[in-house]
Amino acid sequence: KVSHERRYYISSLAPDAERLASAIRQHWGIENRVHWCLDVVFADDQMRARTAHAAHNLATLKRLTLNLLRQDPSQRKGSLKTRRLIASTSDDYRAELLGLK
């Protein structure tokens, strides 16, 4: 069975198929690499912080933590979510992530 789908995009780019395809792939790369990870590791879609600057401050801390977990110097095995949980309970591992050991 053959199916066809259409996607519509608004852009100021010239109508060049290769350039548009590259821009779209880059957008979804960010979505898959950052936003999806934040949602899985930190349940970001469930966040209910809505007062003053709380949401922005928490988002910044979550991105910082995600980057620290990705650059783990010990190359500990396990998912990002598992490593986040270990870092929340282990002072030694947390110090290692922060470069204090």
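The axes of helices H2 and H3 come within 10 Å and cross at roughly 100 degrees. Each axis is a line fitted to C-alpha atoms over the stretch in contact, and angles run from 0 to 180 degrees between N-to-C directions. H2 is therefore roughly perpendicular to H3, a label for angles of 65 to 115 degrees. Two packed helices are described by this angle and by the distance between their axes.

This is a predicted model, in which local features need pLDDT of at least 70, side-chain atom pairs count only at pLDDT 80 or more, and totals for chains, interfaces and linings use all residues. Residues are numbered from 1 along each chain as its sequence is written, and side-chain values use heavy atoms, with hydrogens and water left out.

Who makes the contact? H2 brings Leu-66, Leu-69 and Arg-70, while H3 brings Leu-80, Arg-83 and Arg-84. Contact means heavy atoms within 4.5 Å. Three of these residues are nonpolar, none is polar and three are charged. Here Leu counts as nonpolar and Arg as charged.

Take Arg-83. Its helix, H3, covers residues 80-89. Helices are DSSP runs (H or I, at least four residues), numbered from the N terminus. Is Arg-83 buried or exposed? Arg-83 counts as buried because its relative accessibility is 12%. The cut-offs are under 20% relative accessible area for buried and over 50% for exposed, with partly exposed in between (1.4 Å probe, protein chains only). Beyond four places in sequence, Arg-83 touches Leu-69, Asp-72, Arg-76, Lys-77, Gly-78 and Tyr-93.

Now look at the core. In soluble globular proteins, nonpolar side chains tend to be buried together. The largest nonpolar core in this model has ten residues: Cys-37, Leu-38, Val-41, Phe-42, Leu-66, Leu-69, Leu-80, Ala-87, Tyr-93 and Leu-97. Such a core is a set of buried Ala, Val, Leu, Ile, Met, Phe, Trp, Tyr and Cys residues joined through side-chain atoms within 4.5 Å. H1 (17-42), H2 (54-70), H3 and H4 (91-97) each supply at least two of its residues. H1 gives the most, with four. Cys-37 is in contact with Asn-32, Phe-42, Leu-66, Arg-70 and Leu-80, leaving aside neighbours within four places in sequence.

Arg-25 is also found in H1. Arg-25 counts as exposed because its relative accessibility is 57%. The C-alpha atoms of Arg-25 and Ser-74 are separated by 32 Å, and the two residues are 49 apart along the chain.

Technical notes. Angles under 35 degrees count as roughly parallel, over 145 as roughly antiparallel, 65 to 115 as roughly perpendicular and the rest as oblique.
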